[in-house]
Amino acid sequence: MKMSFRWYGESDEISLEYIRQIPGMEGIVTAIYDIPVGEVWPLEKIESLKNTVEKAGLEISVIESVPVHEDIKLGKETRDCFIANYQETIRNIGKANIPVVCYNFMPIFDWTRTDLAHPLEDGSTTLIYDEKILEKMDPLTGELSLPGWDSSYTKDDLASLFADYNNITKEDLWDNLTYFLQKVIPVAKESDVKMAIHPDDPPWDIFGLPRIITNQESLERVCQIYDSPYNGLTMCSGSLGASRDNDFPAMLDHFLAKDRVNFIHARNVKLVGKKSFEEAAHLSSKGSIDMKAAVEAMAKHNFKGAVRPDHGRNIWGEKGRPGYGLYDRALGATYLLGLWEALKKD
Ligand code: DNO
């Protein structure tokens, strides 16, 4: 495994220098954040990002994410132009020799939580998802502050997007994903860039919007749409593990055996209800996911790709980007590397 760390570019409060000081850290997971969704990422910008990372003694192991324009997910006529731009971005990422691109196919909202700084009894704070609170949230009227979505949407943009999705069923979304993959994977193959779809987080419908990448069956279906290692998965323990129906280590083992895992996100969640959860420290004992079993699967298949410690709590007084502070993620990396070393030595 290649231990990697997400970095939000020059605006990130955590410097590349600090990231490099985490023992065993090799890769950076990042993106270009100032290009509007749907436009081409110019090669010069990608190369300049790459140089910045390499100057700091690290390398870019994954681009997370190249976002997919809503018109593609909605299957609008305008999608062909956005897909052509996406293909061009993948070609440019290939020219810069960056091996993996992570993306998702969630309608409008990316990862969603109901509280970004929930206090824990030890004085740290964490992200939580409480089903009852989510049911009362209305993205069209309330003031939403969600961690992982494009806050540039106005209320009117949102209302018209919601109206567009009114007519979209899950099967429509599958058709639109199929159309996208049929056009993008051949280009990814030519460019030697492995695509890695991220599961929906949480893995169920929210705000009445359909979500389809939620379990083993749906990941299988993605793989079958285009049977190639270039059409692969981001196995995210926290997203998939939020559903009681998913056995994350077993799923990871399954898709590693098929050589379809191109990227891994490792974090733990504590399930506190049927559809509610708290993000936990990475240790198995702190959450509901058996992280040792997950790393065992990686070791068994000798996974060579990038793994990043996903969200951390805010600890030691750190007030960072929700989920993306330095300390708890660094502890997570160390814990994962410890498990890996022990298993590899066995
Ligand atoms: C959350 C992340 C997601 C992820 C995207 C991938 O922390 O895992 O925002 O980057 O869904 O496209």
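Predicted model: local features only at pLDDT ≥ 70, side-chain atom pairs only at ≥ 80, totals over all residues.

Biologist: Start with α10. Which of its residues are buried?

Modeller: Helix α10 covers residues 248-257, and its buried residues are F248, M251, L252, F255 and L256. Buried means 20 or more other C-beta atoms within 10 Å of a residue's own; exposed means 12 or fewer, and partly exposed is in between, with C-beta atoms placed from the backbone. Helices (H or I, at least four residues) and strands (E, at least two) are DSSP runs, numbered from the N terminus.

Biologist: What do the buried residues of α10 pack against?

Modeller: They pack against α8, β8 (231-236), α9 (237-240), β9 (261-266) and α11. Contact here means C-beta atoms, placed from the backbone, within 7 Å.

Biologist: And just after α10, what does D259 do?

Modeller: D259 takes a positive phi of about 60°.

Biologist: Now α11 and α12. At what angle do they pack?

Modeller: About 55°, with the axes 9 Å apart. α11 is residues 291-300 and α12 is residues 327-345. Axes are lines fitted to C-alpha atoms, for helices over the stretch in contact, and angles run from 0 to 180 degrees between N-to-C directions.

Biologist: Which residues meet there?

Modeller: M291, K292, V295, E296 and A299 in α11 meet L336, L339, W340, L343 and K344 in α12. By class, that contact has 7 nonpolar, no polar and 3 charged residues. Nonpolar covers Ala, Val, Leu, Ile, Met, Phe, Trp, Tyr, Cys and Pro; charged covers Asp, Glu, Lys and Arg; the others, Gly among them, are polar.

Biologist: Switching topic. Where is the cis bond to P202?

Modeller: It joins D201 and P202, with omega about -5°. P202 lies in the loop between β7 (194-198) and α8 (216-225).

Biologist: What about the bond from E64 to S65?

Modeller: That peptide bond is cis too, with omega near -5°. S65 is in the loop between β3 (59-64) and α3 (70-74).

Biologist: Last one: W316. Buried or exposed?

Modeller: W316 is exposed, with 11 other C-beta atoms within 10 Å. Its phi is near 55°, a positive value in a residue other than glycine. W316 sits in the loop between β12 (306-309) and α12.

How values were computed
Residues numbered from 1 in each chain as written. Contact = placed C-beta atoms within 7 Å.
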